[in-house]
Amino acid sequence: MDSYRLLKYVRLAISHAVLIAFAAFAVFPIYYVIITSFSNVPTLASISIGSLIPRPSSLTLSAYYYILFKNPFFLWLKNSLIFGVSSMLIATAAAFLGAVALSRINMPGKSTLIYFIYVLTFFPFTVTVIPLYFMFAQLHLINTYYGLIIAYSGGSSIFGAYLGKIFIDTIPREFEEAAMIDGLGRFTAFARILLPMTGPVLAFVALTSFIGAYTDYVLANAFITSGKLWTLTLGMYYLAVTNRATLYNVFAAFAVLMGLPIFILFIALQKFLLRAYSLGGLKA
Amino acid sequence: MVKRDTFIGFLYLLPIIAIILFLTLYPIGYAVYISFTNFNLYHFFRYELVGLQNYITIIKSGALGSIFLQTIIWTVGSLVPMMAAGFVLALVLNQRDLVGRTVYMTFMLFPWAFPSFITILVWSGMWNYEYGIVNKIMALMGVHSIYWFNYVSTSWIALIITNLWLSFPYFTVVFSSALQGIPRELYETAYVDGASMFRRFTSITLPQMKNALSFVGISSFIFTWNNFYPIYLLTGGGPGTATEIFVVYAYQEAFSYSLYNIAAAYSIVDTIILAAFALIMLRISGIMKVIA
């Protein structure tokens, strides 16, 4: 019995060691960028191990001041939000309607469509981005809000429709049928009954489409040349890569301002999101 | 009734179909067309069909073989540690008598929760020679600083460690939920029958996880094969072209050199090779029927 208990303690000790090591690995870069954003770094080379555990006296908001008031941060933020929110709304609506049709309405060719959607994921974005650029140029949609919103609106709607179908398949049809007997039309029944029940999947589609547009660099870089339409990613790329003179604490402050809201949202919604991911990954 | 349903179903699917047609299918057709023309910087306004010439150029250039090999190194080299780490962590987190599982899980989510475009740039700073924290930490352990992105081998190490950081949370989460889906009675019966821990793992856990492991493995193979940002932002395909993969190379051909025809041809070659791999893996694992 004693050797059994000893074995158990050894097992738990090794487990904790593994988990602590990976948790530290996972958290460190985030911790590091937050600490750096509050430190006063006159030259890049002077960042040291010592600065990892900051003394209160060395903390400063100067990097934040610089990024917020010496750069067009708010303009970039406004543009990123316009692109993110618009494409989120379009993608989520399209995903919901598509999911309802794939799950509930009898029509030929549904499984072909699903295979087809899967095959589309094989194509790299470089296949579509060049033709899209020339298509949109012909339609005079380059350097406009509409152009990029349309280009982003695909977002995760295709995958979302597939995910939504799997999810709606698990909801008994009796729910809408009861509502239709009560005199609601089919569309109203879907909207009143299925829409709220599909919440977790739709939250997932909404967040991933928003993040897709919010953190896209490739399409924004191709479709936007006017500084007025610059997004946060273009600004960040400029500060981090193009303009090598940028101080690392300024970049860090930018990273925190741009990433932390998404981070908090993700952690707050983790239950919903993880359920949606498991659903997509593990239909097996 | 069926006809009417088909029509209404079509209306519901219209937005998705429009998105697929306008944003995916038409551009793909257009790209295939471009790959058969001489559309580039030198023939921007007047281009013509040139048959297979772009594909012949690619094959003759000698770059194709090494880019293919590098794409394999990137995909397999990333996937093996990512899946192994995710699977081990999921097994560790699945022990019922372990205290603090939810807290650990939340910490594991950190890399996933922060947008990767940003964290890749953060990592890029961390690998930097002069001020990067990786070299500072190594100095503490008495190891000399390294110019990570000047050598082929250290470039791959940096890329794969960064990609491991970006992706292991996904695998941990998905494998955890698959493990929780295994009926407990199976383990209890085996325990009563006196099966060892190792035996329970090989006879229950592994067979029950087979579908999850293959589906996630294949999907992640496809995703990693075409994963653009880590390489584009960290090494840009360098040193030289030693860490170029198909997507990054195609992107640079198009946006740095305006060789749209060559970029399109590379993208098509990329898709054909990936599709062949995916079909073989789907066939072997028998996962195809699970998708639909």
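Good morning. Buried residues make up 42% of the 284 residues in chain A, where a residue is called buried if 20 or more other C-beta atoms lie within 10 Å of its own, exposed if 12 or fewer, and partly exposed in between, with C-beta atoms placed from the backbone. This is a predicted model, in which local features need pLDDT of at least 70 and side-chain atom pairs count only at pLDDT 80 or more, while totals for chains, interfaces and linings use all residues. Residues are numbered from 1 along each chain as its sequence is written, and chains are lettered from A and ligands numbered from 1 in the order in which they are written.

Let me begin with chain A as a whole. Its secondary structure comes to 14 helices and 0 strands; helices (H or I, at least four residues) and strands (E, at least two) are DSSP runs, numbered from the N terminus. The C-alpha trace of chain A spans about 75 × 70 × 35 Å along its principal axes. The radius of gyration of chain A is 24 Å, whereas a compact globule of 284 residues would have one near 19 Å. That radius is taken over C-alpha atoms, and the globule rule is 2.2 Å times the number of residues to the power 0.38. Of the contacts in chain A with a separation of 6 or more, 75% are between residues 24 or more positions apart. Two residues are in contact if their C-beta atoms, placed from the backbone, lie within 7 Å.

I turn to helix packing. Two packed helices are described by the angle between their axes and the distance between the axes. Axes are lines fitted to C-alpha atoms, for helices over the stretch in contact, and angles run from 0 to 180 degrees between N-to-C directions.

In chain A, helix 12 (residues 232–242) and helix 13 (residues 248–268) pack at an angle of about 160°, with their axes 10 Å apart. Helix 12 of chain A is therefore roughly antiparallel to helix 13 of chain A. Here angles under 35 degrees count as roughly parallel, over 145 as roughly antiparallel, 65 to 115 as roughly perpendicular and the rest as oblique. The crossing of helix 12 and helix 13 of chain A is left-handed; a crossing has that name if the near helix is turned anticlockwise from the far one by less than a right angle, and is right-handed if clockwise. Leu232(A), Met236(A), Leu239(A) and Ala240(A) in helix 12 of chain A meet partners in helix 13 of chain A, among them Phe251(A) and Phe254(A). Ala, Val, Leu, Ile, Met, Phe, Trp, Tyr, Cys and Pro count as nonpolar, Asp, Glu, Lys and Arg as charged, and the others, Gly among them, as polar.

The second pair is helix 8 (residues 174–181) and helix 9 (residues 186–197) of chain A, with an angle of about 130° and axes 9 Å apart. That angle makes helix 8 of chain A oblique to helix 9 of chain A, and their crossing is right-handed. Residues of helix 8 that take part include Phe175(A) and Glu176(A), and those of helix 9 include Arg186(A) and Arg192(A). This contact has 7 nonpolar, no polar and 3 charged residues.

Next, the loops of chain A. Which loop holds His140(A)? His140(A) is found between helix 5 (125–138) and helix 6 (145–153) of chain A, and its phi is near 55°, a positive value in a residue other than glycine. His140(A) counts as exposed because it has 10 C-beta neighbours inside 10 Å. Asn143(A) also has its place in the loop between helix 5 and helix 6 of chain A; its phi, near 65°, is likewise positive in a residue other than glycine. With 15 C-beta neighbours inside 10 Å, Asn143(A) counts as partly exposed.

Finally, chain B. How many residues of chain B are in contact with chain A? There are 75, and they touch 74 residues of chain A. Helix 1 (residues 2–35) of chain B gives the largest share of the side that touches chain A, 18 residues. By class, that side of chain B has 59 nonpolar, 12 polar and 4 charged residues.

Chain B also has a cis peptide bond, joining Gly238(B) and Pro239(B), with omega about 0°. Pro239(B) is in the loop between helix 11 (229–234) and helix 12 (246–255) of chain B. Val248(B), found in helix 12 of chain B, is buried, with 28 other C-beta atoms within 10 Å. Leaving aside its neighbours within four places in sequence, Val248(B) is in contact with Phe228(B), Ile231(B), Tyr232(B) and Gly237(B). Thank you.
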